[in-house]
Amino acid sequence: MKKSRNNNQFPTMLIAMSFLFIGFIACSSDSDDSESDEETTGELHTAFAAFDTNNTDIYLEGSNVVIETNGLPNHTTVYWGTGEDLYIEEPGVEITPSIIPNFNADATLRVPQNPELASNSSSTSLGAIGIAVSGAAIFNDQEGNGALSDAAVSLDYTGGHIGPAEYHYHLEPTAWSEDDEELIGILADGFFIYGRKCDSTGGYPSDLDASGGHTSVTQHSTEAEYHYHIENELYLNQYYVIFPGDYQGTPNAIN
């Protein structure tokens with residue numbers, strides 16, 4: 001009788017436990033979804049719409065913006081190499097031995113969704129300091145621990161070249177911006193950088209700080225926000241360096 005009574009109760013107990021178990025899982029799942037919603041809020045800054053979607057993937061991850069890029073430029077250059085669709089001849093360029101297809105330039109940058117100015121500025125380093133709207137990297141005003149002037153002859157018509165690895169820009173990228181207010185890209189501290197002019201006035205900004213930055217509205221914002229500009233100062237009497245200054249925010253790794 002005892003054995004028979006246990007057999008009759010077991011299915012009932014199992015069903016009850018199953019409901020409890022299912023209910024626990026449902027609550028756990030709901031909680032995870034809720035936490036996920038809380039972690040990732042808001043929308044991407046409208047400036048990100050200017051980035052080439054064929055070369056970049058940009059999305060929110062918690063309170064950060066993630067910019068994934070294949071590191072490729074979306075315009076013509078001698079550095080594509082013969083046989084490539086975007087290859088052009090540039091007779092005046094002393095090209096480096098490398099070409100774009102020979103390198104894997106994939107990179108990821110995570111920046112705060114709402115970047116803030118740091119208490120102290122910090123210097124840039126060799127390598128990528130930002131990602132351009134084309135998908136390619138932005139470098140500073142140095143080349144291989146030396147002055148950029150030593151490598152100027154290797155720069156293509158839009159201020160880019162390869163060395164030591166990925167294709168990157170040092171100068172105003174005339175492939176899409178020349179003496180205007182076009183968006184150039186985003187730097188590693190999360191602040192956008194624009195061309196030499198400012199959309200808020202239509203002219204060259206006169207209130208730039210030591211890093212070429214100031215706070216104003218842009219074509220991508222209705223509220224004033226800090227951003228950089230390519231400074232309207234000639235380099236070697238013919239070029240405009242994209243970013244020769246220090247970060248005014250806190251830089252993040254691009255890797």
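The largest pocket of this predicted model is lined by 19 residues, and those that lie nearest its centre are His45, Gln113, Asn114, Pro115 and Glu225. A pocket here is found on a 1 Å grid over the protein atoms alone, as an open set of points where a 1.4 Å probe fits, with protein on both sides within 12 Å along at least five of seven lines, and lining residues have an atom within 4 Å of a point. Strand E3 (107-112) and strand E13 (221-229) are the elements that give two or more residues to this lining, where strands (E, at least two residues) and helices (H or I, at least four) are DSSP runs numbered from the N terminus. The space in the largest pocket is about 300 Å³, a volume being the space filled by probe spheres set on the grid points, which are joined across faces, edges and corners. Its lining divides into 11 nonpolar, five polar and three charged residues; Ala, Val, Leu, Ile, Met, Phe, Trp, Tyr, Cys and Pro count as nonpolar, Asp, Glu, Lys and Arg as charged, and the others, Gly among them, as polar.

The second largest pocket has a volume of about 170 Å³ and a lining of 17 residues, with Ala105, Asp106, Ala107, Ala137 and Glu166 nearest its centre. In this lining nine residues are nonpolar, six polar and two charged.

Before going further, note that residues are numbered from 1 along each chain as its sequence is written. Local features need pLDDT of at least 70 and side-chain atom pairs count only at pLDDT 80 or more, while totals for chains, interfaces and linings use all residues, and side-chain values use heavy atoms, with hydrogens and water left out.

Eight of the strands form an open sheet of mixed pairing, in the order E8-E9-E5-E4-E10-E11-E13-E12, in which two strands pair if DSSP finds at least two bridges between them. At its edges are strand E8 (160-162) and strand E12 (213-218), each of which pairs on one side only. Within the sheet, strand E10 (residues 183-187) and strand E11 (residues 192-194) run antiparallel and are joined by three bridges, and Ile186 has Phe192 in E11 as its bridge partner.

Of the 255 residues, 42% count as buried, that is, under 20% relative accessible area, whereas exposed means over 50% and partly exposed in between (1.4 Å probe, protein chains only). Among contacts with a separation of 6 or more, 56% are between residues 24 or more positions apart, contact meaning heavy atoms within 4.5 Å.

Glu68, in strand E2 (residues 64-69), counts as partly exposed because its relative accessibility is 28%. Leaving aside residues up to four places away in sequence, Glu68 touches Asn55, Thr56, Asp57, Tyr59, Ala107 and Thr108. The C-alpha atoms of Glu68 and Asp57 are 5.1 Å apart, although the two residues are 11 apart in sequence.

Finally, most residues other than glycine have a negative phi. Leu236, in the segment after E13, has a positive phi near 55°, and at 39% relative accessibility Leu236 is partly exposed. Asn237, also found in the segment after E13, has a positive phi of about 65° and is exposed, with a relative accessible area of 71%.
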